Amino acid sequence: MQVNKDDLELLRLDKQLCFALYACSREIIKAYKPILDPLDLTYTEYVVLMALWEKDKITVKELGQKIFLDSGTLTPLLKKMADKNLVVRERSESDERSVIISLASKGKTLEKKCRENPEKLICAAKLEQVDGAALMKNLHKMLEGFKGGAQS
């Protein structure tokens with residue numbers, strides 16, 4: 001069987017949207033490291049806190065849906081965050097199978113310290129505001145496509 005040169009071109013890394021997103025994601029997390037290290041936060045802990053700053057006191061299930069993590073990944077992370085006094089984990093009074101996550105005082109305090117983080121990252125990425133806004137719009141559109149089960 002002869003391989004078509006055009007087919008091989010399609011498999012080049014620089015032609016792959018998924019690879020560009022993967023590489024950018026790794027670079028973003030690396031850029032956040034010096035910002036988050038002084039706060040004793042990992043990037044994933046920071047994402048959890050941002051979700052809770054938007055809406056405090058949500059179930060593990062709701063939190064997982066919001067930040068795209070399953071409970072198997074989220075549960076040990078939340079236990080660690082509770083040990084660091086960032087969040088509080090409580091069983092729901094109405095449904096004991098459900099765990100409610102809320103901000104502890106240290107988690108609330110960090111919100112003010114993190115307000116400049118997005119701007120620091122945009123500066124590090126050297127991305128114009130208009131380009132960042134367009135990228136964000138397209139990434140949200142892409143996420144919605146995946147959530148809707150869009151596959152080719």
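Ser92 lies in the loop that joins β2 (87–91) to β3 (99–103) of this predicted model, where strands are DSSP runs of E of at least two residues and helices runs of H or I of at least four, numbered from the N terminus. A polar atom of the Ser92 side chain is 3.3 Å from the backbone nitrogen of Asp95. Beyond neighbours within four places in sequence, Ser92 contacts Ser98 and Ile100, contact meaning heavy atoms within 4.5 Å.

Leu49 belongs to helix α3 (residues 43–54). Leaving aside neighbours within four places in sequence, Leu49 is in contact with Leu41, Met81, Leu86, Leu103, Gly107 and Leu110. The accessibility of both residues is tabulated below; buried means under 20% relative accessible area, exposed over 50% and partly exposed in between (1.4 Å probe, protein chains only).

| Residue | Relative accessible area | Class |
|---|---|---|
| Ser92 | 13% | buried |
| Leu49 | 0% | buried |

Helix α4 (residues 60–67) packs against helix α5 (residues 71–83) at an angle of about 110°, the axes being 10 Å apart. Axes are lines fitted to C-alpha atoms over the stretch in contact, and angles run from 0 to 180 degrees between N-to-C directions. The two helices α4 and α5 are therefore roughly perpendicular (65 to 115 degrees; under 35 is roughly parallel, over 145 roughly antiparallel, the rest oblique). Val60, Leu63, Gly64 and Ile67 of α4 meet Ser71, Leu74 and Leu78 of α5.

Residues are numbered from 1 along each chain as its sequence is written. In this predicted model, local features need pLDDT of at least 70, side-chain atom pairs count only at pLDDT 80 or more, and totals for chains, interfaces and linings use all residues, while side-chain values use heavy atoms, without hydrogens and water.

Methods: Polar contact = N/O pair within 3.5 Å; in protein donor to acceptor, adjacent residues only side chain to side chain.
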